[in-house]
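Biologist: I would like to learn how to read a few features of a model, one at a time. Please start with pockets.

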Amino acid sequence: MKSLSLGFRKLRVVDIVILGIFMSLLLILGRFTVGVQSWRLSFGFVVTAIASMLYGPLWSSTIAALTDIIGTLMSGSVYFPGFTISAILGAAIYGYFFYGKEITWKRVIIAQLIIAVVVNAILNTYWLTILYKTPFWAFLPVRALKELVMTPIQMAILYYMLNSQTMSNIQSRLFK
């Protein structure tokens with residue numbers, strides 16, 4: 001079923017339902033965070049990584065984009081497309097490193113480092129500078145420090161979640 005590495009495959013009804021469940025989980029988990037305002041950890045990245053591992057970059061990026069748009073509209077915030085681009089890139093990176101591949105420490109570390117540096121620290125900081133009209137270099141040190149602390153935690157969570165027996169069972173049942 002996993003013929004191409006990007007996940008270009010026809011979805012079954014069960015796949016569409018599961019992707020919808022992932023979207024719901026992303027919307028819910030996006031509302032619940034651990035930490036204070038500038039140092040928050042949401043567990044949505046786990047759902048994105050699982051969707052990327054199971055369905056590849058194409059479908060996980062699709063649900064990441066839709067979830068970002070829907071979540072913004074539901075919250076009443078002003079929609080900014082930059083964060084949708086970041087969501088798409090994060091899901092695509094996870095999909096590239098995890099889809100149809102063995103989940104190793106090396107893959108988890110590289111994927112999470114790319115997301116932490118490129119997407120979270122650089123791109124998201126840039127989007128914030130556009131939104132709040134503040135200098136990039138004023139935001140970057142605080143955001144980089146946050147990524148320095150949070151990234152190893154996210155790496156450990158991802159490695160153990162994606163290599164759990166539960167994930168193996170889910171994968172074997174979905175793709176018999």
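Modeller: Gladly! The general idea: rolling a probe the size of a water molecule over the atoms shows where empty space is left. Here a pocket is an open set of points, on a 1 Å grid over the protein atoms alone, where a 1.4 Å probe fits and protein lies on both sides within 12 Å along at least five of seven lines; lining residues have an atom within 4 Å of a point. This is a predicted model, where local features need pLDDT of at least 70 and side-chain atom pairs count only at pLDDT 80 or more, while totals for chains, interfaces and linings use all residues. Residues are numbered from 1 along each chain as its sequence is written, and side-chain values use heavy atoms, without hydrogens or water.

Biologist: Which residues lie nearest the centre of the second largest pocket?

Modeller: They are I21, F22, L25, I50 and I170, out of 13 lining residues. The volume of this pocket is about 210 Å³, taken as the space filled by probe spheres set on the points, with grid points joined across faces, edges and corners.

Biologist: Which elements supply at least two residues each to that lining?

Modeller: Those are α1, α2 and α6, and α1 gives the largest share with five residues. The labels come from DSSP runs numbered from the N terminus: helices are H or I with at least four residues, strands E with at least two.

Biologist: How much space lies in the largest pocket?

Modeller: About 1,800 Å³. It is lined by 45 residues, with R40, S42, D68, F83 and N124 closest to its centre. At least two lining residues come from each of α1 (13-29), β2 (39-42), α2, α3 (81-98), α4 (105-132) and α5 (136-162), and α2 contributes the most, nine. Its lining has 21 nonpolar, 18 polar and six charged residues.

Biologist: Now for rings. How many aromatic pairs does the structure hold?

Modeller: There are 11. A pair needs ring centres of Phe, Tyr or Trp (its six-membered ring) within 6.5 Å; planes under 30 degrees apart are stacked, over 60 edge-to-face, and the rest tilted. Take Y55 and F175: their centres are 5.8 Å apart and their planes at 70°, so this pair is edge-to-face. Because Y55 lies in helix α2 (residues 44-75) and F175 in the segment after α6 (165-174), the pair ties together parts that are 120 residues apart in sequence. Elsewhere, F80, F83, Y126 and W127 are linked into a cluster by ring pairs. F83 is also one of the residues closest to the centre of the largest pocket.

Biologist: Where does the charged end of K101 sit?

Modeller: Over the ring of Y96, 4.6 Å from the ring centre. The test asks for NZ of Lys or CZ of Arg within 6 Å of the ring centre and within 35 degrees of the ring normal.

Biologist: What does the side chain of T67 reach?

Modeller: The backbone oxygen of I63, at 2.6 Å. This is read as a polar contact, a pair of N or O atoms within 3.5 Å; within protein, one must be able to donate a hydrogen and the other to accept it, and neighbours in sequence count only if both atoms are side-chain atoms. T67 belongs to helix α2 and is buried, with a relative accessible area of 9%.

Biologist: Which residue has a positive phi although it is not a glycine?

Modeller: K133, with a phi of about 50°. K133 is in the loop between α4 and α5 and counts as exposed at 74% relative accessibility.

Biologist: How far apart in space are A156 and I109?

Modeller: They are 9.0 Å apart, C-alpha to C-alpha, and 47 residues apart in sequence. A156 sits in helix α5 and is partly exposed at 28%.

Key: Nonpolar A, V, L, I, M, F, W, Y, C, P; charged D, E, K, R; others polar. Buried < 20%, exposed > 50% of the residue type's maximum accessible area, 1.4 Å probe, protein only.
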